[in-house]
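My notes follow in the order I looked things up.

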Amino acid sequence: MTDSGCYLLGCSEAEQARLDSQSAVLAPVTQAQLDRLGIKPGERVIDLGCGPGYVLSLLAERVGPGGSVIGLERDARFASLARRYVAERALSQVEVIEGDAFDTGQPRASFDGAHMRLVLVNVPDPQRIVREMASLVRPGGWVASFEADLLSLNCDPPSAEWIRLLDAYKAYSDAQGIDLCIGRRTHSLFRAAGVTDIHVEAVAYVSSARNPGRLILLDFVNNVREKMIEQGFIGRAELESDVAAVERHLSDPDVLVTSHLFYQLSGRVPR
């Protein structure tokens, strides 16, 4: 599948709830990444695939009232949620627009910086988005991405049901043209788009206590369960049995869950 409208996890209420929990976990590392960029008051920046808008307030804080932030979101429901998020925080310098990150329609070289978080791991043909993103930034401006890589997602002690669900989810994602290990490749994608001064850091989370991130594999599977079943990647009875077994397994506080490896990238558009 090469349809640019394919966002792997959809835009349901369940996905919104997952994004709510994820945003709280990722807020500290996102703030640290933005701080390292040295964003200046008055800058004009864009957040591609802004979803319900969680990063917009962080960007607005850094550009200040004299700057401007565009949040670009393809899904109308998420765009509406982002506008509400902006309005509730009285972020007058932020505008949310509906648009496709593959073809934003924004003027070339019109932004001081561009940001994107966990977009490439959910879409086919990620190189197109990276090229579009880089083209929006003026010479000397910055780009920043935050992407996941399935490399480290596991639980210990191991669970056969976890492995079956993960394998089925990976196979389904592959069939949609999605690279769940895109994080490790972002540096090469941005380099191919002409970005220089590339800096990459990585972070992962471990949990032995019950928290939302601990259930991330089940969230992913449940978001696309009907499509996985319809397309033959797993049977309904097997999926339901495996989900219940993994829930029981993760209820044991002695089970350690390691998250995705998250790659944080920053770079510059050459002058």
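This is a predicted model: local features need pLDDT of at least 70, side-chain atom pairs count only at pLDDT 80 or more; totals for chains, interfaces and linings use all residues.

Asp35 is exposed, at 51% relative accessible area; the cut-off for exposed is over 50%. Its side chain meets that of Arg62 in a salt bridge, 2.9 Å from N to O. I then checked where the two sit. Arg62 belongs to helix 2 (residues 56-63) and Asp35 to helix 1, so this pair links distant parts of the chain, 27 residues apart. Arg62 is buried, with a relative accessible area of 13%.

**Other salt bridges.** I searched the whole structure and got 13 salt bridges. I looked up two further pairs. Arg184 and Asp149 come to 2.7 Å, N to O. This pair also links distant parts of the chain: Arg184 lies in the loop between helix 5 and helix 6 (186-192), Asp149 in strand 5 (residues 137-149), and they are 35 residues apart. Arg184 counts as partly exposed at 37%, while Asp149 is buried at 0%. I also asked which residues are joined by shared partners, and found Asp35, Glu61 and Arg62 in one network. The other pair is Arg128 with Asp125, at 3.8 Å, N to O. Arg128 is partly exposed at 31%, and Asp125 is partly exposed at 36%.

**Thr30.** I went back to helix 1, which covers residues 13-37 and holds Thr30. Thr30 is buried, at 0% relative accessible area. Leaving aside neighbours within four places in sequence, I find Thr30 in contact with Val55, Leu58 and Arg117.

**Helix 5.** I checked the length of helix 5 (residues 160-175) next. Its 16 residues should span 22 Å at 1.5 Å a residue, and the end C-alpha atoms are 23 Å apart, which agrees. Then I listed its buried residues: Trp162, Leu165, Leu166, Ala168, Tyr169, Tyr172 and Ser173. An α-helix has 3.6 residues a turn, so residues three or four places apart point the same way. What covers the buried residues of helix 5? The cover includes strand 6 (154-156), helix 7 (216-223), helix 8 (225-230), helix 9 (236-250) and strand 9 (256-258). After helix 5 comes Gly177, with a positive phi near 80°.

**Cysteines.** I counted zero disulfides. Cys155 is in none; the nearest cysteine sulfur, that of Cys181, is 17 Å away. Cys155 is buried at 6%, whereas Cys181 is partly exposed at 24%.

Technical notes
Residues are numbered from 1 along each chain as its sequence is written. Side-chain values use heavy atoms; hydrogens and water are left out. A disulfide is a pair of cysteine sulfur atoms within 2.5 Å. Buried means under 20% relative accessible area, exposed over 50%, partly exposed in between (1.4 Å probe, protein chains only). Helices (H or I, at least four residues) and strands (E, at least two) are DSSP runs, numbered from the N terminus. Contact means heavy atoms within 4.5 Å. The expected span of a helix is 1.5 Å times one less than its number of residues. A salt bridge is a side-chain nitrogen of Lys or Arg within 4 Å of a carboxyl oxygen of Asp or Glu.
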